[in-house]
Amino acid sequence: MSEILAKYGFLIVPIIKVLILVFVVLTLDAYLTWLERKVIAHIQARWGPHRVGPHGLLQPLADGIKFILKEDPMPTGVDKKAYFFAPFLTLMLALTSLSVIPFGPDITIFGYTTNFGIADVNISLLVLFAITALGVYGIALAGWGSNNKYSLLGGLRSSAQMISYELALTLSVVGVLLIAGDFSLKHIVEKQIGDFGLLSWNIVGLTKGGGGFTQIIGCVCFFIAAIAETNRVPFDLPEAESELVAGFHTEYASMKFAMFFIGEYTSMIAVSSLFTILFFGGWLSPFPASWTITHYLPSVIFIPLGLWVFYDGIRYETIFGRLILPGLGAVFTVLGFALFLFSPVNEVIQGPFWFFAKVGAVLFFYIWMRGTLPRFRYDQLMDFGWKFLLPVSIANVVLTSAVIMWRMK
Amino acid sequence: MISGVLVIFFLLAGLALLGAVSLIWQSHPIHSALSLILVMVSLAGLYLLMGAEFVAAVQIIVYGGAVMVLFIFVIMLLNAGVEERTNISKMATFGGVPLAMALGLIIAAAIARSSGQMPAPAASGAMSSTRELSKLLFSEFVYPFELTSFLILVAILGAIVLAQREN
Amino acid sequence: MPILENLWIIPLLPLLGSAINGLFGAKWSKPIVNSVALGSTGISFLCAVEAVREFLGYYGTNHKAWVKPFFDWIVAGSFRAGFDLQLDHLTVVMLLVVTGVGFLIHIYSTGYMAHEEGYFRFFSYLNLFMFFMLILVLAANYVLLFVGWEGVGLCSYLLIGFYYLRKSAADAGKKAFIVNRIGDFGFMLGMFLLFRTFHSLDFATVFAAAAKPEVAIEPMGQFGVLTIACLLLFVGATGKSAQLPLYVWLPDAMEGPTPVSALIHAATMVTAGVYMVARSHVLFTHAPTAMYVVAIVGCATAFFAATIGLVQSDIKKVLAYSTVSQLGYMFLACGVGAFGAGIFHLMTHAFFKALLFLSAGSVIHAMGGEQDMWNMGGLGKKIRTTFLCMLFGTIAIAGFPPFAAFFSKDSILFSAYNYPENGKAFYAVGLFAAILTSFYMFRLIWLTFAGEKRYDEHKVHVHESPLNMTGPLMILAFLSLTGGWFAAPALWGGKDYFAEFLSPVFGAGESAGAESSASLEHILSSVAVAAALAGLVVAWRMYGKQVNRGKSEGVHKLLYNKYYVDELYAAVIIRPLMWLSTNVLWKVVDAGMIDGAVNGVADGAAAVGDTLRHTQSGNTRSYAVWVVVGAMVLLGIIFWPILHPALFGGVR
Amino acid sequence: MVPTNYYLILSAVLFGLGVVAFVFKRNIITLFMAIELMLNAVNLAFVAFSQALGKPDGEVFVLFVIVVAAAEAAVGLGIIILTARNRRSLNVEHVDLLKL
């Protein structure tokens, strides 16, 4: 086994990793939509989806089927190349952007050491930015291609908006780069290892060597710019329902629309992961490394959760629910116990656990904002981007570099 | 025997040439723009192949992410249509394309002939870690660097002045 | 020695005054302008006095002239012309005369010009003149001297044409300038010749080289380098000092304000030529021929101008011609080798001629601008001060003892008499000129102040001038009385203090004659006095009682029209020149060749452009193709060594 | 390992194609793209050389070129927008007068 890996590992392992990642991400996207609808519903004091499956848990499945089965009309006078190319591009780029994100520290399975992520590029951050930069074209082309003034306006808006906010996005990261002195996301995370736990993360910046400096400003700027990059509320002007019907994807239906949809959520995930890595210590646990007891936190969370789901399941209205929910609860519980018993697995799971926990929190924040905030007006958007965000992030760069210089003296 | 690297090179070079040709071929500016983006991306790939990661990234971020977006933005803004193939300029109509091709050929021929003097390529990747590059940029080329910053400032001002409607 | 160390202060002060007045004076009231002008000149006069005191102290210890280079002006190869100032006994005399008389005339001008337009302009020019004159006097090399020389020429032009709205004034200014150019041309040629001979233009170097014993004295009638150089320099002197044949500008120069005539055209500038000749006496003594020419020219001018002066009716014209003739005397002195006497006469002349002019100005002022003597008369009682001063001046110039000119003119005539090369003739002419001098001066007195008045009481209100005009008159009168007493002891066999004072410059040789025969001196001087008396008597006989402007004919007409010299020049020189420049230079050369060439070039350019225009289609694509062509050519050239085997099947 | 010539020849050809595009196309914006294409070709040559010589200087130059290109694009596109507004046409052959 191990020698096979040693021989063909470079070929097999990435393929496996890619398959796993795509599966995970797509599922995540699906249930992200579910979560979003649920959360917003509750914010608006509604129930949200609850018909398909218990608590509407099968809703994403139904949506998927609907997407596949729906008719796909093509409006007349479209620019075919652009019209067809745009959705593919969007989805492709979104998925590619995940390829350079490390979800955890390097792991060793069967004596084969590999990084927890697909590619380990030493300029992964730049690659990520490059990919996000190209992300504009999907929307712009869609807007241009589908021969529709709403779409065109949406495309225009999005391209303008993305160019404007990309500057702020990039500049807000420079502080972190200055501290890390490296483009590799993995090293950026490793720089944040310290004996103060979450105090060592870039957002606070009390690292062991004292090389860090709080990036709270950069953090805020990055988050705002990231929301704008992903065209989410309150920056969702390209697809502003109330103004442009559905913006750039007005003319798209069924799978093409689905691609935009998935692409958007995937890029959300990617950006959240990046956010986590840059400012919240990636896969690092918020507790100091010395507190080994905290390694049991996953099981401590999973077991009660499982038990609660189980309990909730057996008194659910529908038969279907009585069958599925307890099973799910059982799976959770068993998983928790398993982690408790096999400590090596537990160790392996630590990184990803914290990583996804943080990413989940960020995603929840996304949804929360969508439920809360109104949309910007276009001129407000531009003014905010150029006259506030950009100067502030530049100021952050200056401040950080000044501090670092002063430390050197 | 053809190594994997060579295969990748030919792949990317083919893509680049394809993009360049289609830039000429396409009659609609936005398609030309897309072809140009293709060229740029494949060039970035070639840079990676040569181990110039940083340049590759910058190539995509700046060219792909900013400059070409600007082009597409302008095309969309002006709602440019299919270009009209007027032939007012005799010079360009008759002499243009052959001369241009001849120019390209002269350069290519010169390179092909002078390949004897060409130094053997150094081990890829070894030459330029991003760190070295930045050291060079901020030590030896610091004045040009500052100058470029001024240039950009001026460009911003100029663009604003040009773009605002006179009132 | 504070002043001596930086001698530049003395000329700089007037320059400052000129600049300040010229730049800001227009806005200022008269008192401020006055204070600036008078202050600058007055202080520079005091500085000059102090400098002289220091210089005498310095000379007492080490017996040589004070030369101090301040900065290099022109340096070209071996040639160096520096801003070097020099002070020796000759300079001392000139310095004191220039600054002193200049200062007095400044004071006078404040009264005389009080009601004129361009008050500040006048004083700015006047100060500028002072500056250049001081440069001229203090210069330690010919080049710097030439700067001052040209500068005073410029100022004289500006001041003659001060009433530039009056055509006659403007023309007179131009005339003066142009005539001076001719002289300057000679002067420059002389300088070049000197430089070629001595490889330097510093006085010290040149004179030292010339004074070497091996430099032979070129015998009479031989035209060696030195002779020619001296003659050329003398041409410049004739231009500046209004000698034959270039005297014509001076009478016209009377168009300028009277103080200008007094300062520039009597006291200081016109004597520059004399000064220059005296300064170069070392060269002249080596060129007897040149000196002979100088003597002849001086003598002739003295007589010639005096004859013209006899009949002039304009009071200033009379004085002008008298100036010319007195300058002739000075040159005569230089010519016969009595440089000291020449300078002596220069000084006294500065005093009494300034006095005469200023008094004339006062008279004109009193008569409200009237200059024709035939319209005056009987002013003696009305303006007594002016009358007395004028009388002093007249007696002085006529050469009655113990007034200034008696001594100076006497020493000149004496030296002329002793001059080996038919000095008797010079003496005779000089003596006759002296008679004429005293004649026309007393004629002036009688016509102006004596007799019954020939002007209309109601039109002209005759009034005495204010103190700031009469004050300088009195001072000058005093000077012209006492100015000659330095030389007084010579009469009684004592020694000539002035000559002795200048002896460090000119050498003690020339005052030898004084000791030689005091008896002869007595005879000659008594003869001179007799001559003066003769002039007086004749004048009294002719103009003492009945006076009427007799119609002029014969000799009188000839003299009255100044021998038709101007007309002669017009016929001989000016008209041919006009014809040449009109018919050849203008119509042929300028209109034909130059314009033709220029227009031809323009037309050619237009034609070429008309053909090339078609490449400028404004079509970007065409331009692009042209760029491509250019690029191909360049690359072809660059890559040629690589490409030609490819093209011509060469082997690799 | 790819020989340096390959890169250079590729860049030469790309440059030639850029020139062709410049003289062949009529749309101002496309002309601009042609210029960008030429710049890219030059960049490729730069990087190839810096790899061949094992010195990063070439890459620095590439960075400069990119910056200049960006600035140029900003200004040039502004000019193009103005031209299009005033001339109502993007065809260079219709923009052949200095005055409107």
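A residue is taken as buried here if 20 or more other C-beta atoms lie within 10 Å of its own. In this predicted model, C:A242 has 30 C-beta neighbours inside 10 Å, so C:A242 counts as buried. As for its place in the fold, C:A242 sits in the loop between α9 and α10 of chain C.

The peptide bond running from C:L244 to C:P245 is cis, and its omega is near -5 degrees. C:P245 belongs to the loop that links α9 (225-240) with α10 (249-252) in chain C.

Turning to chain A, the residue to look at is A:N231. Phi of A:N231 is near 55 degrees, again a positive value in a residue that isn't glycine. A:N231 is found in the loop between α7 (216-229) and α8 (241-244) of chain A. Around A:N231 there are 24 C-beta neighbours inside 10 Å, and the cut-off for a buried residue is 20 or more, so A:N231 counts as buried too.

Finally, there is the contact between chains B and C. Chain B puts 16 residues into this contact, and chain C likewise supplies 16 residues. Sorted by class, the side of chain B that touches chain C comes out as 11 nonpolar residues, four polar ones and one charged residue.

How values were computed. Residues numbered from 1 in each chain as written. Chains lettered and ligands numbered in written order. Predicted model: local features only at pLDDT ≥ 70, side-chain atom pairs only at ≥ 80, totals over all residues. Contact = placed C-beta atoms within 7 Å. Nonpolar A, V, L, I, M, F, W, Y, C, P; charged D, E, K, R; others polar. Helix = DSSP H or I, 4+ residues; strand = E, 2+ residues; numbered from the N terminus. Buried ≥ 20, exposed ≤ 12 C-beta atoms within 10 Å, placed from the backbone.
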